[in-house]
Amino acid sequence: MQAGLDRETLEMTLEAFRDFARANLPTERLLELDAAEEFPIELVRELCGEGLGIQLLFIPEEYGGMGGGAFDVYRLCEAMARVDVGIATGVLATFLGSDPIRVGGTDEQRRYWMTRLAEEGLLMAYAATEPEAGSDLGALRTVAVPQGGNGTVTSYRITGNKQWISNGGFADLYTVLALAPGGPSWFVVEKGAPGLGHGRPEVKHGIRDSNTAVVSFEDVDVTRDRLLGGEEGQGLVQAQLVFGYTRLMVAAFGLGAGWEALDRAMEYSTTRIQAGTPLSEKQGYTHKLIVPHAVRLEAGRSVIEETAVRIDAGEGSLNTEGAIAKYLSTEAGNAAAEAAIQALGGYGYTHEYMVEKIKRDVRITTIYEGTSEIMEMTIGRDRWQAHLKTHGQHYHMEAAAMESLHAKQPTVGADTAALALHALAETFERARINRLTRNQHVLLRLGELAALTEGAASMARRAALAAEAGLSEKADCRFGPEVLATMSRVNARDVALRLATEGLRLVAGAAGDAAGVAQALRTPAIQVAQEGLIADMDRVADALYRRESTT
Ligand SMILES: Cc1cc2nc3c(=O)[nH]c(=O)nc-3n(C[C@H](O)[C@H](O)[C@H](O)COP(=O)(O)OP(=O)(O)OC[C@H]3O[C@@H](n4cnc5c(N)ncnc54)[C@H](O)[C@@H]3O)c2cc1C
């Protein structure tokens with residue numbers, strides 16, 4: 001992964017996108033597209049073509065692109081999702097579609113296709129999912145049969161159906177996962193290839209202005225040089241190589257859509273008077289419908305930013321961290337949009353106020369690029385291995401790091417995050433002793449708890465870095481160090497309490513000894529850590545509404 005753009009170039013690119021959106025995608029237009037289930041192909045082409053050239057962001061400079069990294073792509077994806085997740089999906093399909101080329105292609109293939117993407121603004125589709133192969137891509141049935149004679153492969157003949165393919169009816173170029181004799185492999189297929197077809201656009205719950213279609217291959221012949229990497233059987237490995245990065249993109253969609261819904265709810269609540277005062281001044285409203293969601297979204301952002309910095313620094317694909325970022329941010333975005341409907345009351349339930357559309361749109365982010373349950377499994381399995389390899393010390397060591405952070409920065413919630421990490425380590429350990437992960441449910445719940453706890457630790461680190469002016473220069477800077485510290489404290493308390501209750505439920509629920517488990521999880525300390533919660537929530541509400549803090 002390339003190191004990325006400088007801050008000025010990134011900000012200029014984001015501003016150019018926002019200008020484009022203001023001019024071409026006002027609220028009324030977006031609502032029309034949604035109601036008509038229309039994919040605005042000309043606009044998406046302008047976005048990716050000569051008009052704006054947004055796809056240049058992720059194309060390496062050597063092929064005529066801007067050479068953006070994971071951090072830049074996250075910022076752009078968030079900005080796009082704030083406008084419209086459906087249109088953002090049209091752009092995402094090109095990002096995803098080109099990934100097998102970028103990471104799996106030979107030098108020659110990369111140069112040829114990435115240069116064409118940069119110069120021609122080709123629209124891509126990423127065709128992996130099949131009717132029988134969704135989460136389990138290994139079950140794919142699309143085949144690529146080698147053609148030729150005398151032991152020489154000259155071409156492949158592709159046959160099969162791909163399902164739910166974004167841009168499936170409009171793409172200029174498809175990357176297709178198909179089963180060759182050597183195993184699953186990626187192929188590039190161009191529009192117009194004989195035998196390539198697509199179904200009617202799917203009628204969907206949300207992102208109704210995106211195009212999703214079946215893509216069919218009936219004896220589609222591609223020359224040998226369309227096999228990415230030149231070697232069969234590399235497809236799933238190549239897909240794995242980019243999961244950390246691609247999941248960050250969808251994580252950023254959850255973040256952008258969630259914040260857009262929440263910002264709309266906050267704006268509404270300042271002017272909506274009920275019982276004599278604006279809703280924004282009612283604590284029972286803000287502390288249920290606004291504050292917890294802002295905090296959860298920012299916990300998601302912490303993991304996204306931390307992971308993006310590490311990917312850009314060359315730390316590898318970071319699949320599990322990408323899964324944590326996606327899981328936290330998309331679940332938070334979905335919950336925030338749901339709360340935004342409630343926050344607008346009857347108006348929220350109608351089309352006109354947008355939050356209803358955002359809620360339907362953001363829903364997809366917990367499904368595509370790996371469902372939330374697959375994220376829980378990925379995280380649970382990986383951290384289970386880490387627990388076993390370190391003889392149960394993995395999360396205790398993370399807790400020790402939080403305790404050191406607390407000594408340096410006592411206000412960022414690191415002490416409470418440390419309690420959560422210790423409780424997580426104990427939950428894992430008791431699950432091991434009692435052989436509980438034989439229950440898939442327990443493994444997935446452990447994945448969830450690990451994600452929440454790592455989110456809390458990440459947020460404490462982010463607040464500490466903000467206090468030391470050590471965040472990336474490209475980091476989102478909506479909230480200052482004090483507000484981030486307050487949010488981190490609120491989040492860490494919530495997560496620690498989840499550990500004390502859910503950890504207990506899982507372990508004592510299956511193996512008994514509730515009192516012993518509660519002691520091991522340090523439940524009394526976690527309960528004491530709740531002190532001060534309401535005052536901190538008041539401070540977060542004041543910060544969100546830019547009010548003088550009264551607490
Ligand atoms: C609008 C839209 C756009 C899309 N765009 C693309 C695209 O461009 N390219 C592409 O290739 N795909 C695309 N997809 C497909 C998407 O990635 C898949 O729908 C997704 O990965 C889930 O696969 P599935 O739908 O087959 O569900 P399944 O895998 O059948 O899952 C169904 C349910 O079972 C759960 N589940 C699955 N496996 C397990 C397990 N082992 N243990 C426990 N629970 C499990 C899942 O979490 C889910 O809740 C798109 C889908 C949609 C709806």
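The lining of the largest pocket divides into 18 nonpolar, 15 polar and nine charged residues, where Ala, Val, Leu, Ile, Met, Phe, Trp, Tyr, Cys and Pro count as nonpolar, Asp, Glu, Lys and Arg as charged, and the others, Gly among them, as polar. The structure is a predicted model, in which local features need pLDDT of at least 70 and side-chain atom pairs count only at pLDDT 80 or more, while totals for chains, interfaces and linings use all residues. Residues are numbered from 1 along each chain as its sequence is written, and side-chain values use heavy atoms, with hydrogens and water left out. The ligand sits in the largest pocket, and a molecule is said to sit in a pocket or cavity if more than half of its atoms lie within 2 Å of its grid points.

**The largest pocket**

- On a 1 Å grid over the protein atoms alone, a pocket is an open set of points with protein on both sides within 12 Å along at least five of seven lines, a cavity is a set of points where a 1.4 Å probe fits but cannot get out, and lining residues have an atom within 4 Å of a point.
- About 1,200 Å³ of space lies in the largest pocket, a volume being the space filled by probe spheres set on grid points that are joined across faces, edges and corners.
- The largest pocket is lined by 42 residues, of which Thr129, Ile367, Tyr368, Glu369 and Gly370 are the closest to its centre.
- At least two lining residues come from each of α5 (85-104), β3, α7 (235-241), α8 (243-271), α12 (355-362) and α13, the helices (H or I, at least four residues) and strands (E, at least two) being DSSP runs numbered from the N terminus.

**The ligand and its surroundings**

- There are 20 residues around the ligand, and Tyr126, Thr129, Ser135, Thr371 and Glu373 come nearest; a residue counts as near if one of its heavy atoms lies within 4 Å of the molecule.
- The shell around the ligand has ten nonpolar, seven polar and three charged residues, and β3 (152-166) and α13 (372-389) each supply at least two of its residues.
- A polar contact is a pair of N or O atoms within 3.5 Å; within protein, one must be able to donate a hydrogen and the other to accept it, and residues adjacent in sequence count only if both atoms are side-chain atoms.
- A polar side-chain atom of Glu373 lies 2.6 Å from an oxygen atom of the ligand, and a backbone N or O atom of Ala128 lies 3.0 Å from an oxygen atom of the ligand.
- The side chain of Gln440 has a polar atom that lies 2.9 Å from a nitrogen atom of the ligand.

**The second largest pocket**

- About 510 Å³ of space lies in the second largest pocket, which is lined by 24 residues, with Arg18, Ala79, Arg82, Val83 and Glu260 the closest to its centre.
- Two or more lining residues come from each of α1 (7-24), α2 (27-36), α4 (70-83) and α8, and α1 gives the largest share, with six residues.
- By class, this lining has twelve nonpolar, one polar and eleven charged residues.

**The cavities**

- The largest cavity is lined by residues including Ala81, Arg82, Met354 and Lys357, and α4 and α12 each give two or more residues to its lining.
- The lining of the largest cavity has five nonpolar, no polar and five charged residues.
- The second largest cavity has a volume of about 40 Å³, and its lining has eight nonpolar residues, no polar ones and one charged.
- Among the residues that line the second largest cavity are Phe17, Leu25, Leu47 and Met80, and α5 gives the most to this lining, with three residues.
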